[in-house]
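Reader: I would like to learn how to read domains, a ligand shell and a nonpolar core. Please start with the domains.

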Amino acid sequence: MRAVVANKSGSAEVLKLERVSKPNIKNHEVLIRVYASSVTAGDLILRKLHPLLFIPLRFMGIKRKRIPGHEFSGEVVEVGAEVKRFKPGELVFGTTTGLSVGAYAEYLALPEIWKRGVISLKPTNMSHKEAAVLPVGAMTALQILKRGQIESGHKVLIYGASGSVGSFAVQFARYFGAEVTAVCSDANKEWVKSLGAHRIIDYTKEDFSKQAQKYDLIFDAVGKIGLNKVHASLTEKGQFLSVKTTTKEDPGLLAFIKKLVEEDHIKPVLDRCYTLDSIVSAHTYVETGRKKGNVAIVVGGN
Ligand SMILES: NC(=O)c1ccc[n+]([C@@H]2O[C@H](COP(=O)([O-])OP(=O)(O)OC[C@H]3O[C@@H](n4cnc5c(N)ncnc54)[C@H](OP(=O)(O)O)[C@@H]3O)[C@@H](O)[C@H]2O)c1
C-alpha cells in the first residue's frame, strides 16, 4: 500500500511517500481503508520532536509514528475474531493517539478499544474529508469549555477563533447559549461570524484587554496569550482557559460531537485539501500558522 513515512525528525521534507506492507490485523483489531486524514498543529510538533524526547513521552502514552497522521476517516474492511463494536462496511472516524502507526496510509490497523485514542461511526451527513478533521480540534475545544463550566448567558471570548480549536470553540460556545465574542483577523471575520459569533474583534486593530467589556470565560484557542494579559478582562468569577493544557480523548465526547454534527449544530471548517503525494506542501502550509480552520489529506479513492 502507499503510505507517508518519516524515518527521522525534522522539516516537512522528511515525509516521503513510499510503498509499505499492508498491515495484518490481530484478533482485537479492525482494518480500516483510510479515505482521509488531516494535518494538525500536533502533527507538526511530533514530526519535529527529537527522538530522545519520545522516551519520557512514552509514559504519557505518546509514541513516535513512523507513519504519521493523527486523525482519519474511512471504512472498516476487516475485523479480528474478538471485535464486537464494528463490522466490515461501516464508515468510521477517529484518532491514532498512542499508537506507533498513523493515518497517512491507505490502510490502518486499530484496536477496537484502547486507552489513548478513539474510533466511532462517522457522522452520516458529511464527507470523509470533513470527518477526518473533526476529532482533535472538536474534542479539545469541547473538553476545555466544559472544564470552564460554560453556561447559557455566559459572556465568552474565544481568542484565535480562526484556528481549528478556535472555530470549534465558537460553535460549541454558541451551542451552549453563550454570548460569543471571537477574536481573529479581518481576513477571517466573515466566516468566523457565520459560525455563530455575536461580535468579532480584529486582533490586528483592537486589543480586547484594553476594552471595558468583561468576560465570564476567556479561551485562548491558539496558545498565544497568558493570564496576565486577560486578568483585567475577567468578571469576578471569570476564568481563563488555554489550549496549552493536557486533554484526554474520550469516546463519550466523540459520540456527543457526532450527535451535534448530525443535528447541524457543529461543522468543521475546511481550508485546503491535499493528497498523500503533496504531504510536504500540506505540512508546509500548516506550518505558516495561518490556516483557516482545518487542512485535510485525501488518502483513498472515496
Ligand atoms: N491541548 C490539546 O490537546 C491541543 C489540541 C489541538 C491543538 N492544540 C494546540 O492549539 C494551538 C492551535 O492549534 P489549531 O490547529 O487550532 O490552530 P492553528 O492552525 O495553529 O491556528 C491558526 C489560526 O490562528 C490564527 N492566529 C495566529 N496568530 C494569532 C494571534 N496572535 N492572535 C489571534 N489569532 C492568531 C491565524 O489567523 P490569522 O492568519 O488571521 O492570524 C490562523 O487562522 C496549537 O498550539 C496546538 O498545538 C492543543
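Author: Domain bounds come from an automatic or database domain assignment. Here that assignment gives domain 1 (2–133 + 268–298) and domain 2 (137–242). The centres of the two domains, taken over C-alpha atoms, are 29 Å apart. This is a predicted model, in which local features need pLDDT of at least 70 and side-chain atom pairs count only at pLDDT 80 or more, while totals for chains, interfaces and linings use all residues. Residues are numbered from 1 along each chain as its sequence is written.

Reader: How many residues of domain 1 are in contact with domain 2?

Author: Two residues are in contact if their C-beta atoms, placed from the backbone, lie within 7 Å. By that criterion, six residues of domain 1 contact six residues of domain 2.

Reader: Which residues are closest to the ligand?

Author: A residue counts as near a molecule if its C-beta atom, placed from the backbone, lies within 6 Å of it. The ligand is surrounded by 28 residues, the closest being A41, S162, G163, S164 and S185. Each of domain 1 and domain 2 supplies at least three residues to this shell.

Reader: Which members of the largest nonpolar core touch the most others?

Author: In soluble globular proteins, nonpolar side chains tend to be buried together. A nonpolar core is a set of buried Ala, Val, Leu, Ile, Met, Phe, Trp, Tyr and Cys residues joined through C-beta atoms within 7 Å; buried means that 20 or more other C-beta atoms lie within 10 Å of the residue's own. In the largest core, of 84 residues, I158, A169 and F219 touch the most other members. Leaving aside neighbours within four places in sequence, the contacts of I158 include A169, V180 and F219.

Definitions and conventions:
A residue is buried if 20 or more other C-beta atoms lie within 10 Å of its own, exposed if 12 or fewer, and partly exposed in between; C-beta atoms are placed from the backbone.
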